[in-house]
Structure formats: C-alpha cells, structure tokens
Amino acid sequence: MIAPADSDDLEHVKAWFRRLSEHVQAVDFAGAHRLFAEDMIAFGTFENFITGRDAVERAQWRNVWPVTSGFHFHIDDIRAIVSPDRLTAIGMAVFQSTGYHEDGTPYARPGRTTVALSRRAVGEDWVADHTHMSLFRDVPSRSFGKKPGG
C-alpha cells in the first residue's frame, strides 16, 4: 500500500508544477532549466527518448511552448508518491492548454504529466530527472500557434 505523501513534500511537488506552468506560459526556456536535471531523460512527442535538458529543450519545449497558450496544471488535484527517505518522488498532474489549428482556430489541448523528482535533502526544491507529458486521446499533437491579429 502506498503511504500518503507528507504534506510538506506534496506542497513542494505542487510548487514544482506551479513553477513549470509559469515558465511555459512565459516561454522562458532558460528559467525552466533549474527545474530539471542536466542529464534528465524524457519521453517526447517528436522523439522517443530524449536525454539531456538541452536536448529536451530543443526537441520538445521549443516545438510546443511558443505555439500554445494558457498552459496550467490542475494544482489541487496533483498526486505524489514519495520515497521513505523523502528524497525521491513521482509527481502526477493533469494539465490544460490551448492549441491552434493551422488556420489559427483554437482547440482545447488537455493532457497528463508524470515526473520523477529528486533532491539532495528533505525540504529542498525538487528537480526533475524524468518527464513524460502526453495529450489525452484524440487531441491533435501539433499546434501551429495563433495567427497574427488572432
């Protein structure tokens, strides 16, 4: 049976997701780097395994963040599984965003995220070692961004 996460640990997991939302909304690639391990591994939309934060930025973030809007996680519904030593956690969240068809028309772009997090000491901020973000079924995988004046 999975023990409930310590409330402080869960709040730190929620804070990680909140900060990521802010960086995605601001299209702030450099600022997001501190949330991720340099040698992270991700599953991506455009490549299967992506190793390294810089590679994830190139292959994923730069292909998604600038062409979507309103990205946010459902913070109150975030779940976490935390290791007994409280140095490793799995965070799970549902997100919402707006994507844009080729003609600029918006569409709902909901999905889910699973993140493997670690830290050196209890109470420190979490850092993502692995991310897996995926859209819900039947959601277009590609967004083209807003058209000028749209």
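**Labels and their cut-offs**

Guide: At 42% relative accessibility, Asp 125 counts as partly exposed, since buried means under 20% relative accessible area, exposed over 50%, and partly exposed in between (1.4 Å probe, protein chains only). This is a predicted model, in which local features need pLDDT of at least 70 and side-chain atom pairs count only at pLDDT 80 or more, while totals for chains, interfaces and linings use all residues. Residues are numbered from 1 along each chain as its sequence is written, and side-chain values use heavy atoms, with hydrogens and water left out.

Visitor: Why is the contact between Asp 125 and Arg 19 called a salt bridge?

Guide: The term requires a side-chain nitrogen of Lys or Arg within 4 Å of a carboxyl oxygen of Asp or Glu, and the N to O distance for Asp 125 and Arg 19 is 3.8 Å, so the pair qualifies. Asp 125 lies in the loop between S7 and S8 and Arg 19 in helix H1, so the pair ties together parts that are 106 residues apart in sequence; helices (H or I, at least four residues) and strands (E, at least two) are DSSP runs, numbered from the N terminus.

Visitor: What makes Arg 19 count as buried?

Guide: Its relative accessibility is 17%, and therefore Arg 19 falls under the 20% limit.
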